[in-house]
Amino acid sequence: MGMSASQARLLTLTNRLHDIEYKAQNIQAQKLALATQQDALYQEYCDALDAQNIMVARVDGAGNKSFVKASYATVCKYNSSQPAQFALKDTNTGKILVDSETKEMWDKYGNDPYSFAWAMVGFDGQWAWADFNGADGDGNVTHDPFEKDVAQLIGIQTQESLEGTQAIQEDNGYGMALDHLPHENGATPYLLAMTPAEWQAYNDIVKNNKTGAAELEAKYEELTKAVADKEPQDEIQQKFDAFRKQLYSPENRDEIFTFMNQSKNHALEGVSGTPLYQDAEWGDFAAEFKYYENLWTAINNAGGCVELEPTQEIGETAEDWFQYAVESGNAVIMQYTSGGSKQGWSDTSVATNTNSGYLKSEEDDTELKKAEAKYEHELKKINKKDANYDTELSKLETERTAITTEMDSIKSVKDENIDRTFNVFN
C-alpha cells in the first residue's frame, strides 16, 4: 500500500473511531439518565409505601366501626353513621370552611342557631311561616321571618326593621311582641319577637301543662317582667335567649316541629292540618337539627365561614385537597364534644384523636398496589433500555477494537515504507 493510500485510510479510520467514541459517550449519558430515572421511580415507590391517608370513622346500626377516606364531604357534612362531629377551620382567616349550601343558609339565617338549623334540615324556602314578616298595602304578608335581610323575628330587632309588623301581638296568635323598650341616647326603640311556630308551641305546652311547662312559663314571665321594668337591653336579650333555650329543650322540640310542619293557617288556628312533610316525625330530624345547631356555634364563634371550591367538597380531588390542607397546616380539624367540662368545639388532629378512634392514618392498599404495579412496569422498561444500550456499546467496542487493530497495522506498514524509502536514499 502506498503512503498516500495508507494515510487516506488512516484518516478514514480515525474519523470513524471518533464517531464510535461519540456514540459511546451518548449511550453512556443515556445510561446515566436511566439510572437517575430508576432512582426517581424507586423514591416514588418508597413515598407510596410511606404515604398515610387520613381516615374517618363510620359506625353502623350494629355498632360495627369502619373507616372511609377523609374529605370535606366525609368529615364535615352530616352523616347519621358518623360517631363524632367535625368541622374544618381555615388557619389563614380563622373562619370555618363550608360548602356552598351551608354558606347560602348561613348568609340567610345565620343570626339565629334555630333558624339556621331549620333551614339546613330542609325547611328553607318552604317554611310553614314563609312570607309572614311584613305586609303589603292590602295587608298581605310578604317576607320570610327567618331571613336576616328582612328583619328576622328573632331576638331584639329595631322598630324600623320590623316596619309593617305592628300587627304582631300576643292576642292574635301571630307571635310574641313585647312592649317597646325605652329610647337610649336617642336610639330607635326595639321589639322582641319569636316565630309563630315557637309561639304556638309555647302556648300548647303551657295550656296542656306538658313536661317542662312550669319552667318554660317561669322563663317567659321573667322576660316580660324585665321588659316592663325597662331593664337594660342586654339583660332583656339574655332573658329572651334563656326563654328560647328553654323552649328548645329536648322534650319541647317535637312540639315546635309539629307546628313547623303544618300549614301556616292551620297552625295559627290551633288545629291540625296537612303537614309539609308527610309521615315525618321529629325523630327523623332531631339528630341532624342538633348537628347544625352545633355547626352554627362553630361558625358564630369563628366570626363567619368561607365557601369551598366545588372540587374541594367531594370526590378524589377533594380527598387530595383535604389531605394536603390538613398536613400543610392550611386547615385545622375541629371536633365537637357533647357533655362534660369540655363540651363545645376544640381543635383536634389525627395524632391527638387516637383515644376516641374517630380519625386515623393508614396505608391505602389500592394506591399502594397501583404504585407497586407502576414501579415494576417502569423498571422493566428501564432494564430493557439499559440492556439495549449495553448491546450497542458492545457492538461499538467490537468495532472500535477492529478499527484500532487496523490502524495499528497501517501505521506499521507506513513506518516500514518510510524506513525503506530512507534506506534507498542512504
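Student: Which residues does Gln-246 touch, not counting residues up to four places away in sequence?

Tutor: Please keep in mind that this is a predicted model. A contact is a matter of distance between heavy atoms, the cut-off being 4.5 Å. With residues up to four places away in sequence left out, Gln-246 touches Glu-215, Leu-216, Lys-219 and Asn-252. Gln-246 itself is found in helix H7, which covers residues 233–247.

Student: Is Gln-246 buried or exposed, and why?

Tutor: Burial is judged from relative accessible area, and buried means under 20%. Gln-246 has a relative accessible area of 19%, and therefore it is buried.

Student: How should I read a helix such as H11, and which of its residues are buried?

Tutor: One begins with the geometry of the helix in general. An α-helix has 3.6 residues a turn, so residues three or four places apart point the same way. In this model, helix H11 (residues 316–327) has twelve residues and reaches 17 Å from its first C-alpha to its last, which is close to the 16 Å expected at 1.5 Å a residue. The buried residues in H11 are Ala-318, Trp-321, Phe-322, Gln-323 and Ala-325. Their cover includes strands E1 (53–59), E3 (85–90), E4 (96–98) and E10 (331–337), together with helix H2 (72–76). Just after H11, Gly-329 takes a positive phi of about 85°.

Student: How many salt bridges does the structure hold, and which residue pairs with Glu-319?

Tutor: For a salt bridge one looks at the distance between a side-chain nitrogen of Lys or Arg and a carboxyl oxygen of Asp or Glu, which has to be within 4 Å. The structure holds seven salt bridges. In one of them the side chain of Glu-319 meets that of Lys-69, at 3.7 Å from N to O. This pair links distant parts of the chain, with Lys-69 in strand E2 (residues 65–69) and Glu-319 in helix H11, 250 residues apart. Glu-319 counts as partly exposed because its relative accessibility is 21%.

Student: In what sense do E1 and E2 pair?

Tutor: For strands one asks about direction and about the bridges between them. E1 and E2 pair in the antiparallel sense over five bridges, and the bridge partner of Arg-58 in E2 is Ser-66. The two strands form a hairpin with five residues between them, and Gly-63 in the turn has a positive phi of about 85°.

Student: At what angle do the axes of H3 and H4 cross, and which residues meet there?

Tutor: For two helices one reads the approach of the axes, the angle and the handedness together. The axes of helix H3 (residues 100–109) and helix H4 (residues 113–123) come within 9 Å and cross at roughly 140°, and the crossing is right-handed. Thr-102, Met-105, Trp-106 and Tyr-109 in H3 meet Ser-115, Phe-116, Ala-119 and Met-120 in H4.

Note on methods: Residues numbered from 1 in each chain as written. Predicted model: local features only at pLDDT ≥ 70, side-chain atom pairs only at ≥ 80, totals over all residues. Heavy atoms only, no water. Helix = DSSP H or I, 4+ residues; strand = E, 2+ residues; numbered from the N terminus. Buried < 20%, exposed > 50% of the residue type's maximum accessible area, 1.4 Å probe, protein only. Expected span 1.5 Å × (residues − 1). Pairing = 2+ DSSP bridges. Axes fitted to C-alpha atoms, helices over the stretch in contact; angles between N-to-C directions. Left-handed = near helix turned anticlockwise from the far one by under 90°.
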